[in-house]
Amino acid sequence: MQVRIDLHTHSRVSDGTDSPTELIQAAKAAELDVVAITDHDTAASWDEAAAAATEAGIELVRGMEISTDYVGHSVHLLAYLPDRTHPPLVAELARILAGRDGRLPLMLTRLARLGIEVSLEDVAAVSGDAAASGRPHLADALVAKGYVRSRDEAFNRYLGAGKPANVSRYAAPLEPMIRTVAAAGGVTVIAHPWGRSGHEQPDEAAISALVDAGLSGLEVDHQDHSPEVREKLRVIARNLDLVVTGSSDYHGTGKVGHHLGVNTTAPAEYERLLERAAAAAAASGRATPEVVR
Ligand SMILES: [Zn+2]
Ligand SMILES: [Zn+2]
């Protein structure tokens with residue numbers, strides 16, 4: 001029987017639309033055997049997800065997707081099984097989340113100049129129990145108020161990089177963050193390395209330097225990658241002995257075309273990732289979370 005593994009999903013604790021419990025139940029219904037919960041810049045979904053996974057009888061990897069910066073490019077870094085109480089990690093996540101909340105008022109001001117009236121209360125009404133209100137929530141508020149039809153339209157017209165209401169925010173420098181996660185006993189995988197942006201950065205030489213800092217893998221199979229990009233990334237992963245993952249980047253109804261299990265990770269690659277996590281945990285001496293089985 002084929003073991004189905006999806007290592008990148010979001011709940012309402014960041015910008016997904018399912019509660020952690022609903023996400024786990026959806027993963028079970030999608031016939032996944034292993035799922036990782038990876039909300040943006042927070043471990044706040046872990047406890048509820050772990051309880052739900054035990055209840056549902058599904059294997060759960062606790063992780064997060066960290067907003068980082070690589071020489072001016074936004075890079076999303078998946079961190080699996082770190083000790084969430086490691087002080088340098090806690091401090092960086094707090095700084096990232098504060099930056100996300102902090103830019104909202106400025107974005108609202110810019111929208112107002114364009115004649116679009118959205119308030120902080122409007123955003124709060126759609127962001128519910130999220131750890132921080134980000135652009136996806138603002139996009140949902142724009143949909144709710146009838147200014148746009150979808151999150152995608154909100155990003156394409158107003159909120160995306162280079163669009164009139166966009167405001168940049170703090171992201172943790174990539175290489176130090178890889179070291180911070182390693183010091184917290186976790187392993188790192190670059191999420192959708194060449195997705196959306198369209199440019200092939202970081203390139204093989206840069207990724208090689210990141211491997212020296214402790215990087216363990218590349219998320220090769222992702223909806224934002226064309227077959228050609230996947231093949232190039234697979235070659236780089238092979239050259240650098242990196243773990244290859246494939247995942248949905250599920251956001252509930254918040255992202256179209258990213259249903260659970262749409263991409264999966266090969267069991268042998270998952271085992272390699274867990275071996276590296278065990279080694280990182282042992283080297284760090286930190287109390288890291290176990291995989292929930
Ligand atoms: Zn991402
Ligand atoms: Zn994601």
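Reply: Happy to! Glu 65 bridges the zinc ion (ligand 1) and the zinc ion (ligand 2), and the two ions lie 3.5 Å apart. Keep in mind that this is a predicted model.

Me: Which residues coordinate the zinc ion (ligand 1)?

Reply: Glu 65 through OE, His 76 through ND1 and His 192 through NE2, at 2.1 Å. Along the chain, the donors of this zinc ion (ligand 1) have the spacing E-x10-H-x115-H.

Me: Where do Glu 65 and His 76 lie?

Reply: Glu 65 is in strand E3 (residues 59–70) and His 76 is in strand E4 (residues 73–80), so the pair ties together parts that are 11 residues apart in sequence.

Me: Is Glu 65 buried or exposed?

Reply: Glu 65 is buried, because its relative accessible area is 1%, under the 20% cut-off. His 76 counts as buried too, at 17% relative accessibility.

Me: Nice. New topic: which residues of helix H1 are buried?

Reply: In H1 (residues 20–29), those are Pro 20, Leu 23, Ile 24 and Ala 27. Looking down the axis of H1, you find its buried residues within an arc of 95°, so they line one face of the helix.

Me: Why would residues a few places apart point the same way?

Reply: An α-helix has 3.6 residues a turn, so residues three or four places apart point the same way.

Me: And what do the buried residues of H1 pack against?

Reply: They pack against strand E2 (34–37), helix H2 (46–56) and E3. Just after H1, Glu 31 takes a positive phi of about 60°.

Me: How do H4 and H5 cross?

Reply: The axes of helix H4 (residues 120–127) and helix H5 (residues 135–144) come within 8 Å, crossing at roughly 105°. That makes H4 roughly perpendicular to H5.

Me: Which residues make that contact?

Reply: From H4, the contact uses Asp 122, Val 123, Val 126 and Ser 127, and from H5 it uses His 137, Leu 138, Asp 140 and Ala 141.

Me: Last one: where is Glu 269?

Reply: Glu 269 sits in helix H10 (residues 267–284). Glu 269 is buried, with a relative accessible area of 17%.

Me: What is Glu 269 in contact with?

Reply: Setting aside neighbours within four places in sequence, Glu 269 is in contact with Leu 242, Val 243 and Val 244. A polar atom of the Glu 269 side chain lies 2.8 Å from the backbone nitrogen of Val 244.

Notes:
Residues numbered from 1 in each chain as written. Chains lettered and ligands numbered in written order. Predicted model: local features only at pLDDT ≥ 70, side-chain atom pairs only at ≥ 80, totals over all residues. Heavy atoms only, no water. Helix = DSSP H or I, 4+ residues; strand = E, 2+ residues; numbered from the N terminus. Buried < 20%, exposed > 50% of the residue type's maximum accessible area, 1.4 Å probe, protein only. Polar contact = N/O pair within 3.5 Å; in protein donor to acceptor, adjacent residues only side chain to side chain. Contact = heavy atoms within 4.5 Å. Donors = N, O, S within 2.8 Å, 3.2 Å for Na, K, Ca; no water. Arc of directions from axis to C-beta. Axes fitted to C-alpha atoms, helices over the stretch in contact; angles between N-to-C directions. Parallel < 35°, antiparallel > 145°, perpendicular 65-115°, else oblique.
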